[in-house]
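Work through the exercises below with the model open. Each task is followed by a solution in steps.

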Amino acid sequence: MSSHHIVREKQEPALYIHSLGNFNEEYLGQLLEWSPTVIVAASEYEKVISLGLKIDVVIGDAKSEQTQENTKWLNLAQNDLATVTQYLVQEEYPAVNIISQENKFDDLVDWLPLINVVLFTETTKSYPIKQGFSIWKPAGTVFKIDIINYFETDNLKQADNGDFVVIKDGFVSFVFTTDYMFLSELL
């Protein structure tokens, strides 16, 4: 018996490839597993099509000679993360996975109430959390935490290098007073 998955449009997070670099192809495959809308910066277009991926939208001003069929080109004034996130919010996407070289949320803070964002680099997965967030993790999981305010947590200890390590298999909870806190996990 075969299984069939019905995926409604925009049910899965969109995937925006801002800068692919040496991003692990296995992780890329996992992000593509449920056939998300794939959006690519024009500077990454040739590299991404060379991987055999179907691209839905290209953000940028240079049009390639090898344009895929049904690929939409958007000549936005900028192709920075904030402009692309604004586009996704306008198109009513509930979430986006972004592959970039940096995991900084500075330009995205204003959009976080409107769309769930996860930033991937070659080595990390970073995401904002809200008050009361908890997640189950195995012992030894390493978090890098952007400490911008006082916070409390359980089942974590701070290592000498500033990373936070899960003490034992189980839930890790966070209590803080800001709107968001930013976590990064090593891939």
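**Exercise 1.** Leaving aside its neighbours within four places in sequence, find the residues with which Ser-184 is in contact (heavy atoms within 4.5 Å).

*Solution.* Step 1: the contacts of Ser-184 are Asn-103, Thr-124, Lys-125, Ser-126, Val-142, Phe-143 and Lys-144. Step 2: with the side chain of Ser-126, the Ser-184 side chain makes a polar contact at 2.5 Å (a pair of N or O atoms within 3.5 Å; within protein, one must be able to donate a hydrogen and the other to accept it, and residues adjacent in sequence count only if both atoms are side-chain atoms). Step 3: Ser-184 lies in strand E14, residues 181-186 (strands are DSSP runs of at least two residues, helices H or I runs of at least four, numbered from the N terminus). Step 4: Ser-184 counts as buried because its relative accessibility is 9% (buried means under 20% relative accessible area, with a 1.4 Å probe and protein chains only).

The model is predicted: local features need pLDDT of at least 70, side-chain atom pairs count only at pLDDT 80 or more, and totals for chains, interfaces and linings use all residues. Numbering runs from 1 along each chain as its sequence is written, and side-chain values use heavy atoms, with hydrogens and water left out.

Conventions:
Buried < 20%, exposed > 50% of the residue type's maximum accessible area, 1.4 Å probe, protein only.
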